Structure formats: C-alpha cells, structure tokens
Amino acid sequence: MYVALLYKSVSIAFEPLVVLYKKVHNHLLILLQHCLIFFNCRDFAATAGGDDYSNGQPDPSGNLESFVFKPAPQNMQIKCRITRDKKGVDRTMYPTYYLHMEREDGRKVFLLAGRKRKKSATSNYLISIDPTDLARESETFVGKLRSNRLGTQFTVFDNGDAPGKAAGAAVRKELAAIVYDTNVLGFKGPRKMSCIIPGMNLDQERVEVQPKDENDGIVGRWKRKNMENLIELHNKTPVWNEETQSYVLNFHGRVTQASVKNFQIVHDNDVDYIVMQFGRVAEDVFTMDYRYPMCALQAFAVALSSFDSKLACE
C-alpha cells in the first residue's frame, strides 16, 4: 500500500512536467514543419524527383482538376490573371471571375471560374474547372468559398459533401481559411488578413483537414491556437509613401493600379518569400501569382474573398 501511495505521489508530482513536455514537443514539431516549408523548399526542388517542368512551366492541359489542387512546384512562381465579367442582367451584383495562367509565350490557359451563389444567407462562391458550368451538381465543380455572416471569416472547401450528408472519404475537406481583422472603429489604413492552410508532410503532400463539425475546422483550430499541421500566413505590411500619400508594396511590375484590395501573402519567418500576391491592373483585370505550398484553387479562393464586401473590415 505504501508503494502504491508513493507511486501515486510521484506521478502527481511529475504530471505538470509531462504536460509541459507534450506542449513543447508539439510546438517543436510545428516549428520544424514551418522551417521545412519556408526555408528548405527552394533548395528541395533542385534535387527532388517528380514532374518534368523542363519547358519552364507546368502544363495543366493533361488533367486540369488535378492541377488546380496540386501545390505549385518548388522554386517556381505561377503567374495568373483574373478577369471579372459584370456584363448581363444580374452580373453587376453577381459577376463571374475567370482565372487564367499566363504562359511565357504570352498565351493564357484557363484554370478556374467562380461566382457567388444567389439567395444564400452568407457569401458563398462556387468554383468550377468549366467556364460555362458553375452548378453545384456539375462534375466540373471543384470547390467553394463560404463566409460567416459578417464577411470577415472565409473557409475554402473541396467538392466533397457536408459531414451530415456524407461519410468517410466523401466528406468535404477544408483547404484554407481567410480571416480579416475587424475594423469596427473605422480607422483608415491597410486591411489585415490571416490565411491559414494545411501543412505539408515530408513527401511534400498536403495534410488532409477533414473536420466532423464546424468547431473542428481550420477557423476553430486557429481560434483555439491548435496549429498542429496548419500553416499561418499573413498579408505583408505595406509601407507608407509620402510622395503618393498611400500605403505601397513592391509587386515588381505585376500590379499597376492602387487598390485597398492589393496584397501579398507571406510567412512571418520569411517575409521575402511571397507565397501569393494579388493586385489590380485594370478596372476588371487583376494579377494573381502564387508559389509553393499554395495551389491554384487555394489562391483563387483567397482572391475571391478579397473581392467580397466586408462591412466590418473597411
């Protein structure tokens, strides 16, 4: 009995150390994952096997659906352009957005189309690999972007079904979350956003996030600071320019018009590595470039969230 009591006392005494060890261990794993992605990914491409990009660019024509889900190749920036079509009876309120990849030979290759659904309680965009068919029931439907009621939090889903309507592999996966800082006091200045995406495993494959309910999704985990297998990115802070009296970022010629919607996405550990950038070049034309570990669908959905009206963020 004395031995049992002694064992119990020792267990109680060491319990806080065990808890601390587990926390430190998890934080170190997350830090290691971040370092693998944002410090080694440029060098990894030089030695890694896989797809052949000897012509300088990936080719989406073989399997477009696979391409839009696949992270950009390491050491490569995928340059794209988004056009906004507001022609038509209801397209002023519900424009269609088209994403094309810009090839080095000047040609444009269609990748994705997106449009906000009508009669939805919250902003809800359907995304398709067919520019003429954006129906939810279509075989070309690949994902959607959904916001909360305030328009400050967005979640990107693949083409799976909600947990209550399906089971197993058919349940939808979350590909990203975008959170805009609220600005209820109306202060002027650049918008602040966080972009949370699933991490990558050692085989450079995206870790699946397949929540069983809303609280287990990316936004819920981010709010609880449970960042295991998640990567948190932020928009790069613009610099105030006295000459132009505005906040500016260096887009290296890819953006030509000032807009509050222009942004660059980076990781705090390496702000010079631009994971994604987006900006206006004409009234209804925008450039959108992305890099590893993002894929075309994730980047396009982030851009769509920027187009959406956020009453509490402006």
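Buried here means under 20% relative accessible area. That cut-off runs through the views below, and the model behind them is a predicted one.

**View 1. Helix α5 and its buried residues.**
Helix α5 covers residues 296-307, and with 12 of its 12 residues buried it is largely enclosed by the rest of the structure. What are the buried residues of α5? Reading along the helix, they are Ala296, Leu297, Gln298, Ala299, Phe300, Ala301, Val302, Ala303, Leu304, Ser305, Ser306 and Phe307. As a reminder for reading the view, an α-helix has 3.6 residues a turn, so residues three or four places apart point the same way.

**View 2. Two cysteines, Cys80 and Cys295.**
Is Cys80 buried or exposed? Its relative accessibility is 0%, so Cys80 counts as buried. Cys295 also has 0% relative accessibility and is buried. As for disulfides, the count for this model comes to 0.

**View 3. Lys144 in strand β5.**
Lys144 is found in strand β5, which takes in residues 141-147. With a relative accessible area of 12%, this lysine is buried. Which residues is Lys144 in contact with, leaving aside its neighbours within four places in sequence? The list is Asn124, Tyr125, Leu126, Thr155, Val156, Phe157, Asp158 and Arg172.

Asp284 and Arg84 pair up through their side chains in a salt bridge, at 2.8 Å from N to O. Asp284 lies in the loop between β13 (276-282) and β14 (285-290), while Arg84 belongs to strand β1 (residues 78-85), so this pair ties together parts that are 200 residues apart in sequence. Arg84 is buried at 16% relative accessibility, whereas Asp284 is partly exposed at 21%. Asp284 also meets the side chain of Lys86 in a salt bridge, here at 3.6 Å from N to O. Lys86 comes from the loop between β1 and β2 (96-102), and Asp284 from the loop between β13 and β14, so the two tie together parts that are 198 residues apart in sequence. Lys86 itself is partly exposed, with a relative accessible area of 33%.

**View 4. Arg136 and Asp161, a loop-to-loop pair.**
The closest N and O atoms of the salt bridge between Arg136 and Asp161 are 3.4 Å apart. Arg136 lies in the loop between β4 (124-128) and β5, and Asp161 in the loop between β6 (153-158) and β7 (174-180), so the pair ties together parts that are 25 residues apart in sequence. Both ends are partly exposed: Arg136 has 23% relative accessibility, and Asp161 has 31%.

Arg81, Glu102, Arg254 and Asp289 are linked in a network of salt bridges. How many salt bridges does the count come to? The total is 10. Zooming out, the protein has 5 helices and 14 strands. Of its 314 residues, 45% count as buried. Among contacts with a separation of 6 or more, 54% come from residues 24 or more positions apart. The accessible surface comes to about 17,300 Å², with 53% of that belonging to carbon and sulfur atoms.

Key: Residues are numbered from 1 along each chain as its sequence is written. This is a predicted model: local features need pLDDT of at least 70, side-chain atom pairs count only at pLDDT 80 or more; totals for chains, interfaces and linings use all residues. Side-chain values use heavy atoms; hydrogens and water are left out. Buried means under 20% relative accessible area, exposed over 50%, partly exposed in between (1.4 Å probe, protein chains only). Helices (H or I, at least four residues) and strands (E, at least two) are DSSP runs, numbered from the N terminus. A disulfide is a pair of cysteine sulfur atoms within 2.5 Å. Contact means heavy atoms within 4.5 Å. Accessible areas come from the Shrake-Rupley method with a 1.4 Å probe; for residues, only the protein chains shown count as cover. A salt bridge is a side-chain nitrogen of Lys or Arg within 4 Å of a carboxyl oxygen of Asp or Glu.
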